[in-house]
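Load the model in your viewer and keep the selection panel open. Each stop below tells you what to pick next and what you will find there.

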Amino acid sequence: MTPPPPDSSTRRVALFVTCMVDTLYPDIGMAAVRLLEAQGADVVFPDAQTCCGQPAFNAGYRHEARTMARNFIDVFWPLVDNSEVDAVVAPGGSCVAMLRNLFPVLFEDDHEYRRRALQVAEVAFELSEYLVDVLGVDEVAARFNGKLTYHPCCHLLRELHVDSQPRRLLAGLQDAEIVDLPGADECCGFGGLFAIKNAPISTAMGTRKVRNIEASAADVVAVNDVSCMTHLNGILQRQGHRCRAVHIAELLASGLDGNGADEREHDDR
Amino acid sequence: MISDAKEPRDAILGRLRHVMSGPKPIFRNAAAPLEPPDTPAAVTGAQGDRQALAETFGSKLEDVSGSYEIVDRENDVAGRIVALVEEWSEARPIEVLSWAPREIPVDNLESVLNDSGISLLVPEELHREADRAHAARLTVGLTAVDAAFASTGSLALAAGRRKSRAASLLPLVHLAIVPMSRIYPTVEAWLASLRRDEGLGSFLRVSGQVAFVTGPSKSADIELNLTLGVHGPRIVHAVLFDDSVR
Amino acid sequence: METAPTRESTMTVDVRAPYSVRVKQALEDENLRTALDRATERLSEHREQAMAAIDAPRLRDEARAVRQFAIEHLPDLLEELERNLLANGCHVHWARDASEAIGAVLEIARLRQVRDVVKSKSMVTEEIGLNEALERSGVDVVETDLGEFIVQLAGEPPSHITAPVIHKRAEDISELFQKKLDMPPTTDPAEMCAAARQELRNEFLLADMGISGGNFAIAETGTICIITNEGNGRMVTSMPRIYVAIVGIEKVVRSVEDAVLLWQAASRSATGQNVSVYFSMSSGPRRNSHPDGPTEMHVILLDNGRSRMIERGYGDAALCIRCGACANVCPVYREIGGHAYGQTAYSGPIGAIVTPLLEYDVTFARELPFASSLCGACRDVCPVKIDLPRLLLDLRSDIVDRGAAPLHERMAARAYASAMRKPGRYSRAVRLARRFARLPLLPTPTNVWKRTRNLPRFAAKTFRELWAERGQPTDEEAAE
């Protein structure tokens, strides 16, 4: 698939793939690339990127988090500063929230890195936010045959205040019947280290969420963050539910070439 | 401990002063406006002339399980009080725990009550056990109000000489007489007028206690089921009348 | 905190047990979850409606501003408060810690030969363990808030900042009343309430001393404000001869207007009421010639870790007006309830913050700052706009910096950071992890995960490998 020829209006996007997508769900990363390219964006993948440091930061390990965050800034800041890219886009809200809201905290005492972090944060977007707010996408050419519901991931909803964008894109899916999710705004119980350190509470929260998903009668629950997706699927599968959590990029890119996600999804069932 | 309170005081204040004058910020997130408004805006609102405010007050009081009535002619107020007291009192002869009649701005109140055989207990010293026990047995409490707030249906009751707190607290029924001139749109409007006139600080000081009462005593502690009359009155009934046409 | 269940307690969560045990006990109690679900959902709904009816952003901005002003000017306002309390005829006591506050109360009780005390709901007295201390000295203490009365009957500590008995269903309370008050079986709250009224009315009339906390202390006028719905606050501040208010130093506010604003913010946030039924403002003992009211009023200004909390840069936590809204929306609180937070007066998200902060050592109760998924629901409802997730994150960092995290966790964090620091190391680590994932013996975190949840597999190829195969130059290659 050849992207449209670059012109002055072409957006150049640096993909921040996030470490979980890189290692566990590469297809979601590829789906995000196809979505961006289908909208005429030029995607580059700075492959020195690793992790933004959020897991360490949330666990209280600021020193370690700073190491990773510096690497992130060293990779992305020059691209932004030299205007080599117009935006940094990630298929997940939690990591964007990290760099938008928490890098300034992390670099409170490091003026230069704080400045660079803020500069990157200014052009950093979660995928659906970028598609709708920046590229002005209203609808993508994709279809979904069945009942679909949406779980707003906490950091996307309450750190980035992104909610209408993914809902709008999902509503545009052909044949999709969008159903309400009771208690949609409640956390699924993942919470990073919380899922391990407080596994029983985390599981109880996830079980409550899964009960609500079941009550919605949805075939698929769309999410924007693979962390929550992993948690939900872990419980949906373990408790023998038919419904699966699917990342929004895969749903939206299902109509585009080179889609490998569907088969994997079927495997799961 | 009472006598050597000086030392902890200086330790606490000293530490706070030290912190406040130091370079380290005391807040993690100072996102809010740094200077508070001189006078915070009224949270709720009510508009209109005295009749409209009276009706707003009444409907707000009803919203919180209280009740009200507007008596059109001032001359009828005393009679109405008699009727209400008779309705709510079980024991005869009827005795009502009350503020002093001169604190209740209703013409001929005392004589109308006397004519109906209703006596008022206006306590002078409720720390005397016998008086307290007697007062606690009465079913109806009668008071005026120092102010009422239309937007919330609240009564402002200041303690005072012959204005017992008990009258609006111990009986099962609190009958509050509210001349419309004392209804303010909001609590904030009343505070502003006190500040302008006699002074808010001195009003609070001479009163000892000022209580805002908004409806009957209630609890939702048992599974959020609303129950009325937990410790204070189960019935709060306001009698409103226009006192401007004297 | 010395509150402990007595032998009669039917409480399933032992507040003295270790954290993991408390959580387990809470999660196994289906009745607890039923009670929490019923209550927190309704409280949150009511709050939402009450906030939707007004200009909520402005209320929260102003409430935040007046609280922030108060904390920024704390020493000046406290001195102004003291001056005006004294001018109003109050006795003022300062207490650095729990024992000084308790000492002050016991001294007053001794000098005035107090036998019976009635209390209105006060978290600060829970914080310092006042009831137990009074009882040890032979003073009879009765809690008069209906919820507090119920937990006192049950021999339990309260489990919520504003709704102390939120952990009990009506059925549980009925059973308790049958046993303790000889009441016939009923689940009608009105009947149970009437029984409590009768029981407590005598106490109000007999008690020599009333003790309350203080929602706000107005510096400008020397006034202690109490928010209640039942009227017990007014009773406690009006009926006994002696009235003692124990007030955290952070409760001071500038003016009457500020207190009235916060009263409304607290009412809407706690229960969804426009205003609470009673707002009692006491500015000293009764005046000469007044028929009732206390003849003596004492105010105890309590530090007990508050100034240190501010010194540590956690002034945000001192803004709290104890409405409990953060607990009502907290998905963690909803699963485990307040007793799982342990021997503390403060549960829920704000409790997870102030419990360690009020202690000398922040690693006290160090599990609590981690008992949050950082979902942010609490921040969105806080009427004084405390960024609770931020404070939890900062506390976690403090705890790790103090070396109080488990060793294996510290090693894992270091290894993770090291692997993530350079792309080459990262790729090697991924390959390594992929290989180890096939072995039956997995590292501990994944074992914990797998107990209740399926684990995703590592992809056969990482994204960066797929990207390379796609034949597009990575930017590094392009640069060469």
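How far apart do the closest C-alpha atoms of chain A and chain B lie? Show these two chains and look at the gap. Their closest C-alpha atoms lie 9 Å apart, and no contact joins the two chains. Keep in mind throughout that this is a predicted model.

**Stop 1: chain B on its own**

Hide the rest and select chain B. It holds seven helices and twelve strands. Its C-alpha trace spans about 75 × 50 × 45 Å along the principal axes. Of its 246 residues, 49% count as buried. Take the contacts in chain B between residues at least 6 apart in sequence: 76% of them join residues at least 24 apart.

Now color by confidence. The mean pLDDT of chain B is 92, with 95% of its residues at 70 or more. Select residues 1-5 of chain B. Here pLDDT stays under 50, and the model has eight contacts beyond four places in sequence for this stretch.

**Stop 2: the sheet in chain B**

Switch to cartoon. Find the open sheet of six strands in chain B, in the order β1-β12-β7-β4-β2-β3, with parallel pairing. Its edge strands are β1 (67-71) and β3 (119-121) of chain B, each pairing on one side only. On average, neighbouring strands of this sheet are turned by 25 degrees against each other, direction ignored.

Zoom in on β4 (residues 140-144) and β7 (residues 173-179) of chain B. These two strands run parallel and are joined by five bridges. Pick Ala144(B): opposite it, in β7(B), stands Ile177(B).

Select α2 (residues 50-63) of chain B, which touches β1 and β12 (235-241) of chain B. The direction of α2 makes about 155 degrees with that of β1(B). Next, select α3 (residues 77-88) of chain B. This helix touches β1, β2 (95-98), β4, β7 and β12 of chain B. The direction of α3 makes about 165 degrees with that of β12(B).

**Stop 3: where B meets C**

Bring chain C back. Two pairs of chains are in contact, and chains B and C share the most contacts. Here 77 residues of chain B are in contact with 95 residues of chain C. Highlight the elements of chain B that each supply at least two residues to this side: α1 (6-21), α5 (129-137), α6 (187-196), α7 (200-207), β9 (209-213) and β10 (218-219). Which of them gives the most? It is α1(B), with ten residues. Color this side of chain B by class: 40 residues are nonpolar, 20 polar and 17 charged.

Then select β9(B) together with β9 (residues 278-282) of chain C. Five bridges join these strands across the two chains, and they run antiparallel.

**Stop 4: chain C on its own**

The C-alpha atoms fill a box of roughly 95 × 55 × 45 Å, taken along the principal axes. Buried residues make up 61% of its 480 residues. Among contacts in chain C between residues at least 6 apart in sequence, 73% join residues at least 24 apart.

**Stop 5: where C meets A**

Show chain A beside chain C. In this pair, 50 residues of chain C are in contact with 52 residues of chain A. Several helices of chain C each supply at least two residues to this side, among them α1 (19-28), α18 (388-401), α19 (407-421) and α20 (423-437). The largest share, six residues, comes from α19(C). By class, this side of chain C divides into 30 nonpolar, eight polar and twelve charged residues.

**Stop 6: inside chain A**

Select α7 (residues 127-134) and α9 (residues 164-171) of chain A. Their axes are 8 Å apart and the helices pack at an angle of about 80 degrees. α7(A) and α9(A) are therefore roughly perpendicular to each other. Show side chains at the contact: α7(A) contributes Ser128(A), Glu129(A), Leu131(A), Val132(A) and Asp133(A), while α9(A) contributes Gln165(A), Pro166(A), Arg168(A) and Leu169(A). These residues divide into four nonpolar, two polar and three charged.

Why does Gln237(A) count as partly exposed? Because it has 16 C-beta neighbours inside 10 Å. Draw a distance from Gln237(A) to Phe103(A). The two are 134 residues apart in sequence and 35 Å apart in space, C-alpha to C-alpha.

Definitions and conventions:
Residues numbered from 1 in each chain as written. Chains lettered and ligands numbered in written order. Contact = placed C-beta atoms within 7 Å. Helix = DSSP H or I, 4+ residues; strand = E, 2+ residues; numbered from the N terminus. Nonpolar A, V, L, I, M, F, W, Y, C, P; charged D, E, K, R; others polar. Pairing = 2+ DSSP bridges. Buried ≥ 20, exposed ≤ 12 C-beta atoms within 10 Å, placed from the backbone. Axes fitted to C-alpha atoms, helices over the stretch in contact; angles between N-to-C directions. Parallel < 35°, antiparallel > 145°, perpendicular 65-115°, else oblique. pLDDT = per-residue confidence, 0-100.
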